[in-house]
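Hi,

Here is the structure I promised to pass on.

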Amino acid sequence: MGGKTAPKYRVLMCSSEAVPYAKTGGLADAVSALSLALAKLGHEVRIVMPRYYGINRDKLVKLEGALGVPLGGGEEWCAVYTTDLPESGKKNPVRVYFIDHENFFGRDGIYGVPSEPDFLDNPRRFAFFCRSCFQVCRKLDWYPDVIHAHDWPAALVPVMLRYGERRGASGEFPETAGSFAGAASVLTIHNLGYQGIYSKDNFPSTNLGWDVFYQAGFDDWDMMNFLKAGINTADKLNTVSPNYARETLTPAHGFRRDGNLRWRGADYTGILNGIDTSVWNPRLDRFIPLPFSTGDMGGKAKAKEALRRRYGLPDADGPMLGMVCRLTEQKGVGALFGPGYGSAWSICKDMNLQFVFLGSGEGWAEHEIAGLASRLPNFKARVGYDEELSHLIEAGSDFFLMPSLYEPCGLNQMYSLAYGTLPIARNTGGLADTIQNYNQETGEGTGFMFDDLTPQAIYNTVGWAVWAWYNKPEHIEAMRRRGMEQDFSWSRSARKYAELYRSALQGR
Ligand code: ADP
């Protein structure tokens, strides 16, 4: 007998975002990268997402005929467009289907616009989107083994599957009723902080009965909570790192959902996101002056020089500390840059290093950072978003700072490790899964970690790293190498998702 080959699944990804079409955060990267990695493993993956105003229809192919979607006791009609995800292979491409509904999605903004950050009709828009995921399959006469929903905007998909669609309840194509009978659902939580909580007056849009409102646990202080119902009903669910999965079971990190998640027990796990190793790879990076690898680290020194020039810093023999992030509370910027007590000032004053920052966000922090940069000769900052510069910072720094309050997965620490840049990070979420703390006796580890989010702890840990840089260069070299040799590719994560699909189908 030959060896057993792993089963191949048909997977329908339901997501409000996917690169390169629509992105507000890491969700968009993860959905596309995971789909491509699953296709490479031989699974048949299709993505359904809304056709927002900014997505150019001219580059897409329109499916013949309109699509009817039951909504709120009536029916809405839309068009469906399709294309293949760029970079997908010819043999087994990842096909994307766009739900084109002028009234719901033909406007600026994915969830809102600055003047209306959360569109008033979002519950109706995303109830419509979730139902359309089933109707597209019926139109295509293509039925998935696994329906994989992402975050609150798609969280009604598992609920609809369980309460109706498995029996073919939406009624539009009665001849194919029951074609979801064998399907299992998986829900991935990329950010537990957003749950889709709206007045329950909107509930009729879901076309689910009021009995389901209570059975699925939509109820949230007399409101309706999309994600909560998804958590309660998906066959399996996960978040984007094992440690964050454990943390979210506690009231401190659970955003009021820790009880629901604990109730799901072993159905809830963590799978680490991957990184795009064709883009974030020191051997291939086109944004750095010279490629480098563990075999030839010359390019890293060149990147450090280029980074100094970019920021107008003088030559120096000390280490370079880099940081790239959104300036929000989640990233720990209060303890680092907070007026009066933040640690950035004393770090730059007391230590022989250079510190470069890239990021934008809350006004007070941008203001504080500009003030520091004007008073400290060894601290420079660029306020804004700059993809190219972020590559140079990852490549040219010796250390990378991430004092996050919480971090579901975190990408920057993985980029850092891949570029031989040692993370200095708080021991939380995905950071704890991806970084091993330095042991100064043995030289083991890949980074420097601390527990408390206080200016003192950040100061002490940066001090520890700088001490090692000057006093234990052989440890630093070995740590760089260890980090660069780690595998953070999506193919590793995709195998784990395939495993999750298998258990979802078994446990259904
Ligand atoms: P989060 O999704 O919470 O912001 P992650 O670490 O998971 O944090 O991912 C953030 C991504 O956005 C990283 O790739 C990071 O380099 C990038 N990024 C954040 N701010 C900037 C910026 N100002 N310029 C360029 N890239 C940025």
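This is a predicted model: local features need pLDDT of at least 70, side-chain atom pairs count only at pLDDT 80 or more; totals for chains, interfaces and linings use all residues.

To start with, how many bridges join strand 3 to strand 5? Two bridges join strand 3 (residues 61-62) to strand 5 (residues 74-84), and these strands run antiparallel. Residues are numbered from 1 along each chain as its sequence is written, and side-chain values use heavy atoms, with hydrogens and water left out.

A word on the naming: helices (H or I, at least four residues) and strands (E, at least two) are DSSP runs, numbered from the N terminus. Two strands pair if DSSP finds at least two bridges between them.

Back to strand 5. K62 has Y81 of strand 5 as its bridge partner. Strand 4 (residues 67-71) also pairs with strand 5, antiparallel and over five bridges, and there V69 stands opposite E76. The hairpin of strand 4 and strand 5 has two residues between the strands, and in it G72 takes a positive phi near 55°. Then comes strand 6 (residues 95-100), which pairs with strand 5 in the antiparallel sense over six bridges; A79 stands opposite D100 in strand 6.

There is also an open sheet of three strands, in the order 9-11-10, with antiparallel pairing. Its edge strands, which each pair on one side only, are strand 9 (197-199) and strand 10 (219-220). Strand 10 pairs with strand 11 (residues 223-225) over two bridges, and D219 stands opposite M224 in strand 11. Helix 6 (residues 226-233) packs on this sheet and touches strand 9, strand 10 and strand 11, its direction making about 50° with that of strand 11. (Contact means heavy atoms within 4.5 Å; axes are lines fitted to C-alpha atoms, for helices over the stretch in contact, and angles run from 0 to 180 degrees between N-to-C directions.)

Now the helix pairs. The axes of helix 9 (residues 298-311) and helix 13 (residues 387-396) come within 8 Å and cross at roughly 130°, so the two helices are oblique to each other. For that wording, angles under 35 degrees count as roughly parallel, over 145 as roughly antiparallel, 65 to 115 as roughly perpendicular and the rest as oblique. Among the residues making the contact are K300, L307 and Y311 of helix 9 and L389, I393 and G396 of helix 13.

Helix 16 (residues 455-471) and helix 17 (residues 473-484) have axes that come within 5 Å and cross at roughly 110°, which makes helix 16 roughly perpendicular to helix 17. Their contact is made by A468, W469, Y470 and N471 of helix 16 with P473, I476 and R480 of helix 17.

The peptide bond from V19 to P20 is cis, with omega near 5°, and P20 is found in the loop between strand 1 (10-14) and helix 1 (26-40). N207 has a positive phi of about 60° although it is not a glycine; N207 lies in the loop between strand 9 and helix 5 (210-215).

Finally, the domains. The assignment gives domain 1 (10-274 + 490-507) and domain 2 (298-484), with bounds that come from an automatic or database domain assignment. Their C-alpha centres lie 36 Å apart, and 14 residues of domain 1 are in contact with 13 residues of domain 2.

Cheers
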